[in-house]
Amino acid sequence: MVLSTELLGIRNALAEKREIKAKKAAANGKAKFPNPAFFRAKDNIDWKAQGKNLMEVVGICTEMFKEADHKAFWKLQAERCKDDLNRCILEFKQATQMSPEELKDVFLNGEKTLGKLYRKGDMATVRREWKGAVDTAYDFKEWLKMWGMLLMTFSKDLVPALNSALYYRWMISYFCCVGFMDKNTFGQKGSALRMSHLMIYDIFRYVAENLVFLAKCDKKNGNSVLNKKVVLFDEMTMGQIMAGFPDLVGIPYQLMPVFLVSEIDQLTCIPYIDAVESFGLPADTCPVPSSECGALVIDALPHMGSCFISSSMPCDGSVMASEYMSRRFPDLPVYHLTFPVRYEYEETTQDAVEDIKGCIKFVEEITGAKWNWDAYFKQMKRFNEETAYELQKWEVNKTDYPQIIGPCYELFRKWNYEMDGGADPRTMRTFEKVNDIMMKAYERREEAWRGKMKYRGIVWSCPAHYYANFSNWLANCWGIDILVEMESLNFTKVLETEDKEEALMDLARLYERMVMRRHTNGGYHNVVDELWRQVEDWRAEIIIMYQNVACKNMATLQGILDDQCRDKNYHMIWIEHDLMDPRTVSRKNMRGKVNEYMRTVMRAEPIDPTLEEFDDETAM
Amino acid sequence: MKAKKNIKRTVGALAAAYAGLFCVFYFDLDGKLLYYVVEPFMKRHFDNMERRDPHTVPYEQIDSEYMKK
Ligand code: SF4
């Protein structure tokens, strides 16, 4: 179908009217987030090209159907079905051998061993976990809700989203986000399960909405009017600066194609890393900037946006990624936001403020939008409130009855601190609900991980993206309950919401303490002394010490940390990993380090022995 | 009588839909469909797509030709 320009003109006129309406609603405090006009903005989609695209896909489908070895395909499916059936029979037999009390316990409280849910060489689990009648029903409801939200969001502008799914490999990995939700909630029940679902839902809603924006803005999809409102920033740059530009959309550029997707699908970044290493980049570079550069080399990033805010954060690798970015898209104006690293010297804060002012001016000049102090203060007030809720979580977790444990809690904190930053009013509701559930559970002295609360743990250093749910495995297999992770322990000061100069100073302080940077780039006392202080504060018995084999910042400290830990007599387990490249150190090897330590040093037995050894090399 | 029948039918249909969806959920059929059908198809589609190959570009051309294309 080819739409005539007149018709497109009508659509634009309508979009303008709607935008005026939305602005009025915003002035009355009734604004929807994100602005619905952003979804509707659409001006010059090349329908002919879209038609061609679609024909190509139909062609590939037909070709595949003709070429496919149907016999082998159905044989494989039959084998899998047979295996599933055998497992069902086995589980049924096991159930018949149980006493009525045991059976009742499984029915009401769920299964005790989870390793059987994996099958060697498979990407999907054999089946979902039986968490007990009530919790499985709840899990099912959340599954429906997640699929519903994903479908509804993509249907807001289906054509560009479909096009992108057919062009970008990484888009397909997002189809598996429901499976990712399962991995993060394995073994969780009751209040803990409810809190995890609430938090992960918000993250995926943000992801789905931004995927639609990404698809809409991509030049391949016609480069809509929305593009003029889009400010891209480096995924390592926090989103709070956009609070002062309520009419613009700020998108952390590489977040969807690289950073977040690598947590959902462990295999996504491999082509990026290979491409950039063949391009000449040394193989011992940190996979974060390597993957960002590799994505540019193989054209995995959409060509979009009105400008790009690059950054030197968290470390020098980001500078390299910014270089690649401006070479790949020379037409995109770039502003380099480079904050002083020695952030504890207050004298340098003024330099950072000047940098922020320069950035604001740059965005104003490029987009024509005006910085709005009211909007900025409004969002920061919300962000302050969210930080207060976060601190409440920490207080509860420091007690003898921690309530909020597991990967969803960590992912939510990082996302809220770094990306959302108080922008989405719907997130506030989640904070309130989670707080409510948490406080009630605390009053009832609930076990956050039923029957699996053995050791209080803390995570230090940068975690492996390809094993984002490692803390979930730690709790399920060994009863090591991670109370907090280093990357969560960032800036918690109440940000200024009245004085404009002081507000910019606070914004600079916040940015300088972004996730990872605060510790890994903050110098000795922010990462070494701080660890011992936190261990005491949280009364942690085990330190899970990640070692990204390519992180030079942390590598320099290994000996010091080892020596001091020995002197202090703490249990510290070093877990090597390669952040986004599971080929260097696999998930299985990471688990092996814990298994070895727990068996030899702690002389402990696993709570769930089926999880000690299993294959998930190809699992998403 | 007819209304009763209709209600029964609706409840039956809803119960069947619920049971069907629950089976999809419990046996991870959505995951299996994605991993065993969609993923291999998409993999093949992406592998077949014409893309620029950084490995075939002479080193001295990389900056000027490849990245700006
Ligand atoms: S893991 Fe280390 S090298 Fe990589 S981005 Fe973080 S601080 Fe920098």
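**Helix packing, confidence and ligand shell**

Reader: How do H6 and H9 of chain A pack?
Author: Helix H6 (residues 133-154) of chain A packs on helix H9 (residues 177-185) of chain A at about 150°, with axes 10 Å apart. Axes are lines fitted to C-alpha atoms, for helices over the stretch in contact, and angles run from 0 to 180 degrees between N-to-C directions. Helices are DSSP runs of H or I, at least four residues, numbered from the N terminus. The angle makes H6(A) roughly antiparallel to H9(A) (over 145 degrees).

Reader: Which residues make the contact?
Author: From H6(A): Glu142(A), Trp143(A), Met146(A), Trp147(A) and Leu150(A). From H9(A): Cys177(A), Val178(A) and Met181(A). Contact means heavy atoms within 4.5 Å.

Reader: And by class?
Author: Seven nonpolar, no polar and one charged. Ala, Val, Leu, Ile, Met, Phe, Trp, Tyr, Cys and Pro count as nonpolar, Asp, Glu, Lys and Arg as charged, the others as polar.

Reader: What are the ground rules here?
Author: This is a predicted model: local features need pLDDT of at least 70, side-chain atom pairs pLDDT 80 or more, while totals for chains, interfaces and linings use all residues. Residues count from 1 along each chain, chains are lettered from A and ligands numbered from 1 as written, and side-chain values use heavy atoms, without hydrogens and water.

Reader: Which element of chain B has the lowest mean pLDDT?
Author: Helix H3 (residues 62-67) of chain B, at 56. pLDDT is the predictor's confidence in each residue, from 0 to 100. Where it is low, the predicted coordinates should not be read in detail.

Reader: What about the ligand shell, by class?
Author: Seven nonpolar, three polar and no charged. Among the residues around the ligand are Cys286(A), Met516(A) and Asn548(A) (a heavy atom within 4 Å).

Definitions and conventions
Helices (H or I, at least four residues) and strands (E, at least two) are DSSP runs, numbered from the N terminus. Angles under 35 degrees count as roughly parallel, over 145 as roughly antiparallel, 65 to 115 as roughly perpendicular and the rest as oblique.
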